[in-house]
Amino acid sequence: MIDLRSDTVTRPTAAMRQAMANAEVGDDVFGDDPTIHRLEQTVADLLGKEASLYMPSGTMTNQVALRAHTEPGDEVLLEEGAHVYFSETGAPAALSGISCRLLPGEWGIFSADTVRTYLRPANLQYPTAKLLCVENTHNRGGGTIWSLEQVLSVVAVGREAGLRCHLDGARLWNATIATGTSERDYAAPFDTVSVCFSKGLGAPVGSALAGPRPFIERARRFRKQFGGGMRQAGILAAAALHAIQHHRQRLEEDHANARRLADGIANTRGLVLVGPAPQTNMVVFRTLQGDQSALLGRIQAAGLRIGARSIDTMRAVTHLDISSAQVDAAIGILRSAVAG
Ligand SMILES: *Cc1c(COP(=O)(O)O)cnc(C)c1O
């Protein structure tokens with residue numbers, strides 16, 4: 001099966017499993033796991049922050065960050081397709097009692113002017129805007145990249161209004177490989193940053209939240225409250241450390257494979273690319289036949305899985321377990337399925 005539903009479907013490599021098997025562990029709720037300490041220090045250094053905190057998922061790192069930045073009744077400004085809002089089960093309302101002010105964007109990118117337009121003057125009746133979120137790369141935008149200039153311009157407006165700023169950098173690694181802007185430079189404008197190890201980096205589990213030490217200590221309490229205190233999780237942190245060391249540079253292969261797939265799709269009668277050309281590891285496209293579910297069924301029977309993104313569009317994601325030969329095979333399967 002060629003599985004292009006997401007870069008989360010990767011399986012740990014033999015070398016990663018070896019690193020996991022050899023990990024030194026302890027009870028991390030007591031602060032005793034040396035491998036988790038090593039991971040948290042490594043991530044803090046990479047992102048240029050004082051400290052970081054390992055958690056089971058990117059949803060938890062984002063939602064713990066929101067909870068630690070706000071009080072019930074506050075408001076967070078974020079793009080309308082942001083993962084934090086769109087794909088985290090309504091958690092900002094459910095877990096933090098905050099509302100989301102949705103900014104219109106183009107493929108996940110919004111402008112400084114848009115932030116200005118959506119900020120409100122102080123008024124007793126309004127919710128208090130506390131936090132501005134940026135997502136880089138942008139998942140629903142199709143893996144689009146914010147340039148550092150774009151980041152700096154929206155953060156500057158947020159700062160003028162006294163907002164804290166959080167970066168959902170689940171795939172920040174991809175933005176760095178594609179642009180050459182370091183993770184540290186991308187992280188610098190933000191108070192806090194979430195990163196995932198379980199996407200393109202290929203670890204089985206885990207994310208981290210980085211920021212100032214006092215904030216991370218506050219976040220540690222909410223992680224426990226949200227049920228994310230883990231015990232001998234060094235076994236998982238070892239996989240993340242291995243991924244950071246060995247799987248970052250190779251993301252360029254995923255990006256090349258996404259471009260290769262997009263070329264194949266562009267040259268397939270009956271399929272059209274949607275949105276900007278792939279900037280990282282995602283390809284968004286649709287069928288001209290209207291009936292996407294029939295197409296998805298036919299390709300699955302032929303050994304290819306691709307995710308439905310909405311009623312009429314699909315998203316294919318390249319990753320560690322996909323070779324260029326498999327991309328070519330995927331194009332072949334799509335062509336026959338559209339023709340049939
Ligand atoms: C995947 C993802 C997350 C976190 O997802 P989990 O499945 O909870 O790890 C957060 N933000 C973005 C942009 C993502 O793509």
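At what angle do the axes of helix α3 (residues 58-69) and helix α10 (residues 213-225) cross? I started my notes with this pair, keeping in mind that the model is a predicted one.

**Entry 1: α3 and α10**

I found that the two axes cross at roughly 115° and come within 9 Å of each other. Angles of 65 to 115 degrees count as roughly perpendicular, and α3 and α10 are therefore placed in that class. I also noted that the crossing of α3 and α10 is right-handed. On the α3 side I listed M60, V64, A65, R67, A68 and H69, which meet F215, R218, A219, F222 and R223 of α10. Sorted by class, the contact of α3 with α10 has 7 nonpolar, 1 polar and 3 charged residues.

**Entry 2: α1 and α11**

Next I looked up helix α1 (residues 14-21) and helix α11 (residues 234-246), whose axes come within 8 Å and cross at roughly 140°. Angles over 145 degrees would count as roughly antiparallel, whereas α1 and α11 are oblique to each other. I recorded a right-handed crossing where α1 passes α11. From α1, the residues A15, M16, A19 and M20 meet I235, L236, A238, A239, H242 and A243 in α11. In this contact of α1 with α11 I have 9 nonpolar residues, 1 polar residue and no charged ones.

**Entry 3: α2 and α11**

I then turned to helix α2 (residues 34-47), which packs with α11 at an angle of about 35°, the axes being 8 Å apart. Which hand does the crossing of α2 and α11 have? I wrote it down as left-handed. On the α2 side the contact is made by T35, I36, R38, L39, T42, V43 and L46, and on the α11 side by G234, A237, A238, A240, L241 and I244. By class, the contact of α2 with α11 has 9 nonpolar, 3 polar and 1 charged residues.

**Entry 4: the cavities**

The largest cavity has a volume of about 90 Å³. I noted that 15 residues line the largest cavity, and that V274, P276, A277, P278 and V284 lie nearest its centre. Strand β10 (residues 282-287) gives the most to this lining, with 3 residues. The lining of the largest cavity divides into 10 nonpolar and 5 polar residues, with no charged ones.

For the second largest cavity I recorded about 50 Å³ of space. Its lining is made up of L78, E79, A82, V84, G108, F110, C133, V134, E135 and D168. Strands β3 (74-79) and β5 (128-135) each supply at least two residues of this lining, and β5 gives the most, with 3 residues. Here the classes are 6 nonpolar, 1 polar and 3 charged.

**Entry 5: the largest pocket**

Last, I looked up the largest pocket, which has a volume of about 220 Å³. Among the 13 residues that line the largest pocket, R5, N139, R140, A308 and R315 are the closest to its centre. How do the residues of this lining divide by class? I counted 1 nonpolar, 6 polar and 6 charged residues in the lining of the largest pocket.

How values were computed. Residues numbered from 1 in each chain as written. Predicted model: local features only at pLDDT ≥ 70, side-chain atom pairs only at ≥ 80, totals over all residues. Heavy atoms only, no water. 1 Å grid on protein atoms, 1.4 Å probe; cavity = no way out; pocket = protein on both sides within 12 Å on 5 of 7 lines; lining within 4 Å. Points joined across faces, edges and corners; volume = space filled by probe spheres on them. Helix = DSSP H or I, 4+ residues; strand = E, 2+ residues; numbered from the N terminus. Nonpolar A, V, L, I, M, F, W, Y, C, P; charged D, E, K, R; others polar. Axes fitted to C-alpha atoms, helices over the stretch in contact; angles between N-to-C directions. Parallel < 35°, antiparallel > 145°, perpendicular 65-115°, else oblique. Left-handed = near helix turned anticlockwise from the far one by under 90°. Contact = heavy atoms within 4.5 Å.
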